[in-house]
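Hi everyone, thanks for making time this morning. Please have a look at the sequence and the fold on the screen, and then I'll walk you through a few spots.

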Amino acid sequence: MSLSRRTAARSVRMLGVTAASAALALSAAGTALACDITEFSAAAACDGAKGVITVTDKDPTGVPAEITVFLENNGGDLRQVGAAQTVKGSKKGVTVSFAEDWEPNAEYRVHVLALEGKKKKLVDADITPNVTTPSKACKADDTSTPTTTPSSSPSSTPSSPSSQTAQPPAGSATPSPSPSDSAGDSAAPPAPASNAPSPAAQESNLAETGANSNTGLIIGIAAVLVVVGGGAVFFGMRRRGASHR
């Protein structure tokens with residue numbers, strides 16, 4: 001009887017120790033699987049020309065968490081960025097974005113609030129360290145394509161209608177040159193210009209110097225007039241002398 005009681009007491013003790021160990025193990029496992037602030041991360045990025053603050057939740061349990069972002073200034077909250085957003089994480093990670101036209105080297109505080117049920121807080125803390133934006137602001141992507149300038153150089157072999165000779169079609173007879181064409185081709189070239197003055201030029205030169213065909217007639221008439229004048233003077237002088245006597 002005493003052995004049976006001792007054996008039963010030992011069995012109860014072993015069961016108690018096993019139950020306590022199992023409870024501790026389950027408690028540790030539950031704590032390990034609970035949502036934790038280390039499973040959240042935040043960064044400042046660019047979406048084209050616009051800035052964004054992104055928060056990633058890698059909580060494998062998928063506990064809903066409320067994310068709030070604040071712009072910091074000298075260690076205090078300057079303003080809240082947009083409205084709070086709720087994210088339900090996963091092992092691969094779920095990301096939410098807050099549109100923010102951030103300035104270079106600005107600082108943002110990201111707060112995470114995760115509740116189990118309605119009262120128990122699993123996470124109520126800030127992501128550390130605070131998010132610091134890059135030193136360069138976001139810029140729009142340059143998608144313009146360069147324009148090609150057409151070549152202004154002329155063609156190397158310009159064609160002229162007058163410089164091209166029409167070729168007779170294949171199989172047609174070549175027309176023979178006409179007699180008029182051969183006569184025109186064999187015509188003598190024009191005579192070179194002579195240096196001798198023309199007759200009209202000779203007559204004009206003689207007229208200017210008085211050496212033309214009427215010179216002799218004019219000389220004869222002048223001689224007759226001289227003789228007649230001299231005779232008249234002679235007879236007049238004789239009559240005047242006779243009257244004085």
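Let me begin with a question: which side chain does R109 meet in a salt bridge? The partner is E72, at 3.8 Å from N to O. By salt bridge I mean a side-chain nitrogen of Lys or Arg within 4 Å of a carboxyl oxygen of Asp or Glu.

Before going on, a word on the source. This is a predicted model, where local features need pLDDT of at least 70 and side-chain atom pairs count only at pLDDT 80 or more, while totals for chains, interfaces and linings use all residues. Residues are numbered from 1 along each chain as its sequence is written, and side-chain values use heavy atoms, with hydrogens and water left out.

Now the overall layout. The protein has four helices and nine strands; these are DSSP runs numbered from the N terminus, with helices being H or I of at least four residues and strands being E of at least two. Along the sequence the order reads α-β-β-β-β-β-β-β-β-β-α-α-α. Of the 245 residues, 16% count as buried. Buried here is under 20% relative accessible area, exposed is over 50%, and partly exposed is in between, using a 1.4 Å probe and protein chains only. Among contacts with a separation of 6 or more, 62% come from residues 24 or more positions apart, a contact being heavy atoms within 4.5 Å.

Back to the salt bridges, of which the structure holds six. The side chains of R109 and E72 form one of them.

How far apart are the closest N and O atoms of E100 and R79? They are 2.4 Å apart in this salt bridge. The pair spans 21 residues, from the loop between β6 (94-99) and β7, where E100 sits, to R79 in strand β4. E100 is buried at 8%, whereas R79 is partly exposed at 37%. Then there is E116 with K120, a salt bridge of 3.5 Å, N to O. Salt bridges that share partners also join E72, D77, R109 and D126 into one network.

Next, the strands around these residues. Strand β3 (residues 64-73) and strand β4 (residues 76-80) run antiparallel and are joined by four bridges; two strands pair if DSSP finds at least two bridges between them. L71 stands opposite R79 in β4. The hairpin of β3 and β4 has two residues between the strands, and N74 takes a positive phi near 55° there.

Also in strand β3 is T68, which is buried at 10%. Leaving aside neighbours within four places in sequence, T68 touches Q80, A84, R109, V110 and H111.

One last stop: the aromatics. Rings of Phe, Tyr and Trp (its six-membered ring) pair if their centres lie within 6.5 Å; planes under 30 degrees apart are stacked, over 60 edge-to-face, and the rest tilted. The count is one aromatic pair. F234 and F235 form it, edge-to-face, at 5.7 Å centre to centre and 70° between the planes. F234 is partly exposed at 48%, while F235 is exposed at 52%.

That's my tour, and I'm happy to go back to any of these spots.
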